[in-house]
Amino acid sequence: MSRTALRICPLCEATCGLTLTIEGTRVTHARGDRDDVFSQGFICPKGASFGAVDSDPDRLRTPLVRRDGELREATWGEAFDAVAAGIRPVVERHGPNSVGVVLGNPNVHTMAGALYPTVLLAGLGTRSIFTASTVDQMPKHVSSGLLFGDANAIPVPDLDRTDHLLLIGANPLESNGSLCTAPDFPGKLKALKARGGTLVVIDPRRTRTAKLADRHIAVRPGTDALLLAAMAQVLYEEGLVDPTPHVQGIEELAGELREFTPEAVAEACDVEAGVIRTLARELAAAPTAAVYGRIGSCTVPHGTLASWLVDVLNILTGNLDRPGGALFPQAATDKTPRPAGPGRGFALGRWHSRVSRHPEAKGELPLSALAEEIDTATEEGEPVRALIAVAANPVLSAPDGDRLDKALDSLDFMVSVDPYLNETSRHADVVLPPPPPSQSPHHDFAFNTLAVRNQVRYTRPAIPLEPGRMAETEILARLILAVTGMHGADPAAVDHMVIDQTLGKAVKEPHSPVHGGDPRELAGRLTGDTGPERRLDLMLRLGPYGDGFGVRPDGLSLEKLLAHPHGIDLGPLEPRLPQPLKTRSGRVELLPGPIADDLPRLRAALAERPEGLVLVGRRHLRSNNSWMHNVPALTGGSNRCTLQIHPEDAERLGVQNAEPVRVKGAGGEVTVTAEVTDAVRRGVVSMPHGWGHDRPGTRLSHASTDPGVNVNQLLDGRLLDPLSGNAVLNGVPVEVAPGAAPESPAVTEKLTALT
């Protein structure tokens, strides 16, 4: 007999509400939850395939422990014994920095990934921290940190009320949005146009989003910052600056941008000066407007400057922090809002990587540097000798995966928390598999801080935890205990510790609703069936909408949220400045020192002209990086690993559609199938990210039948945005020629293993 259950979809940033049909312990169907306060029934192909993702037969069901060189099934007790025996001696002998931690993108899609990694990092005390942010969004964190004093204070476009939306390097009809949580992004763009608004898309590809636009500008890849700087220069030159309040540095910025005229940048960007002036004038003339940039403008040599200039344009036109512009969301689990005033600010380079001396950003080192931090000896500090990878597959997601592949084999010990034996976890000495999403609770801690409407939702597990499985929250709690010298302690102790520490600080803060209270008494009033639920209850009660443990009787708590299974709508985004600012001045610092110091590098780019072809990535609606390629329902069709090339470039190079071509970059060479299309501009080729499932020792039976190639193998891992340490994935030169390249080492290794 079937039943239904609600679940928030964890498969992309849109966080849509789902209604699952369940037969026994299996999800047989998923549809959009029409009563969900945020998504209102919207669903994409990924959400519709929730059941197939959930029941993938290649998902690991029990831990794996390496014995005699082979990964074999083990009990949970044996697995954590092995973790403690493998990690602790490395820490004690070589120090905490000899243990690296890699956090992958899926962490922000689970409750466990939001609640426990910070505790793990604090307990280990390591500075060898690497995450997916430095192959994706770190430039936006850095620019926000420098502008607003808080790297997580990221304004999002007010999609439902804006009159003019300019997208640069973003394709939300395929990505469903990124650093902008918006169910039914396509519907919101269509609604913008239906109410007479304007959509402008700046992208070297004619994407599905670009086809919807009123104006599509096919900019030369990698020149986003030049184009945006020229638009800002026009605002100054033509007297169109009408800035947001609480800002300093308006006049100083005018002098720094004086050289970036439309005429000066036009040739580098391959966009006519008149078009650039029109873009700036239309932005300034709109009743309300928002500029939004994403991965295409982040993963380039000037990614932080481009991210900064996105907000500069919003600020100069007065559209930051006003309805219809770009506003700061207020999540229900945010900390208790503090009074407006100066903060501690944001600093870069508090420490550096050991080998190439890359500065940290937001407490992280570049993921591109992980291989050299493992395989290169220096006189300064210990190399990374042990690695903890949580939901991470950097062999595919970071540049030069072949080098990292070899480096992982040289580690003294590695543990991976992952449901799959993939290209990275195959190297682990212990693999700890979390249960499928239907058996896990869900609340979006991170994405609600980026949501286009304030709301709060929580769903308990749709299916009870299967016998032999362990909740992901317990896995991470036990992992924390095992690697910090407390192996064998009650995993609930981790949640108790966090609750005690949080309440201990809260009662001392004058602006807290529990100021002067008794932490033990307050802890005793928390509700929830599990430690994670009690922590959620704590965050809700102390948050901006919370009941303050009875101070505000109508406020939020876990109990109230559970009484609203489709969520609680908290209203549209509202102006919040200056409260979110944590800069030392207490104002938006429009021209921070690190930005000013990097502008000469952008001026030098005025004279740069790429020779030959340059590479850009692309997104597919039915995948999320490398996650979905093992699900038959989400592969094939348009979700293919091909090299898109313009017909004129193909004819010039002798490339034929659907035939193999060799692509060579600074990091290596691959063979891929050509897709001749005018969807890319001349001089540009495009390959998707997350493919390359051809390495031996994995258990990805469907993905390996159509493995594609790893585009990141073409990239030089030394090429980074200097301010953020973000890898440069777009606008990099490549050579393309017809025919197949020699087999890669990974393919050769696989063939050898098979024979």
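Analyst: A word to start with: two strands pair if DSSP finds at least two bridges between them. Keep in mind as well that this is a predicted model.

User: Thanks, that helps. Which residue is the bridge partner of Val614 in E25?

Analyst: Val614 has Val684 as its bridge partner in E25. Altogether, three bridges join E21 to strand E25 (residues 684-686), and the two run parallel.

User: What other strand does E21 pair with, and in which sense?

Analyst: Strand E26 (residues 732-738) pairs with E21 in the antiparallel sense, over three bridges. Here you can look for Leu613, whose bridge partner in E26 is Val734.

User: How many strands make up the barrel, and in what order do they run?

Analyst: Follow the pairing from strand to strand. The barrel is closed and has six strands, in the order E21-E25-E22-E24-E23-E26, with mixed pairing. From one strand to the next, the twist averages 45 degrees.

User: Now to the open sheet. Which strands form it, and in what order?

Analyst: Four strands build the open sheet, in the order E11-E10-E9-E13, and their pairing is parallel. The edges are held by strand E11 (215-217) and strand E13 (290-293); each has a single partner strand, so one side of each is left without a neighbour in the sheet. Neighbouring strands are turned by 15 degrees against each other on average, direction ignored.

User: Over how many bridges do E9 and E10 pair?

Analyst: Strand E9 (residues 164-168) and strand E10 (residues 198-202) pair in the parallel sense over five bridges. One of the contacts to find on screen is Ile168, with Ile202 as its bridge partner in E10.

User: Which strands of the sheet does helix H13 touch?

Analyst: Helix H13 (residues 273-285) packs on the sheet and touches E9, E10, E11 and E13. Its direction makes about 135 degrees with that of E11.

User: What is the phi of Asp270?

Analyst: First the general idea: most residues other than glycine have a negative phi, and most peptide bonds are trans. Asp270 is not a glycine, yet its phi is positive, at about 60 degrees. Its relative accessibility of 42% makes Asp270 partly exposed. You can find another such case in Asp184, with a positive phi of about 55 degrees although it is not a glycine. Asp184 sits in the loop between helix H7 (172-175) and helix H8 (185-194), and counts as partly exposed at 27% relative accessibility.

User: Where is there a cis peptide bond?

Analyst: Look between Leu577 and Pro578, which are joined by a cis peptide bond with omega of about 10 degrees. Pro578 is in the loop between strand E19 (568-572) and strand E20 (588-589).

User: How many cavities of 30 Å³ or more are found?

Analyst: The search of the whole structure finds three. In the largest cavity there is about 90 Å³ of space. It is lined by 13 residues, of which Lys140, Ile154, Pro155, Tyr292 and Gly293 are the closest to its centre. Strand E8 (156-157), E13 and helix H15 (303-316) are the elements that each give two or more residues to this lining.

How values were computed
Residues numbered from 1 in each chain as written. Predicted model: local features only at pLDDT ≥ 70, side-chain atom pairs only at ≥ 80, totals over all residues. Heavy atoms only, no water. Axes fitted to C-alpha atoms, helices over the stretch in contact; angles between N-to-C directions. Contact = heavy atoms within 4.5 Å. 1 Å grid on protein atoms, 1.4 Å probe; cavity = no way out; pocket = protein on both sides within 12 Å on 5 of 7 lines; lining within 4 Å. Points joined across faces, edges and corners; volume = space filled by probe spheres on them. Buried < 20%, exposed > 50% of the residue type's maximum accessible area, 1.4 Å probe, protein only.
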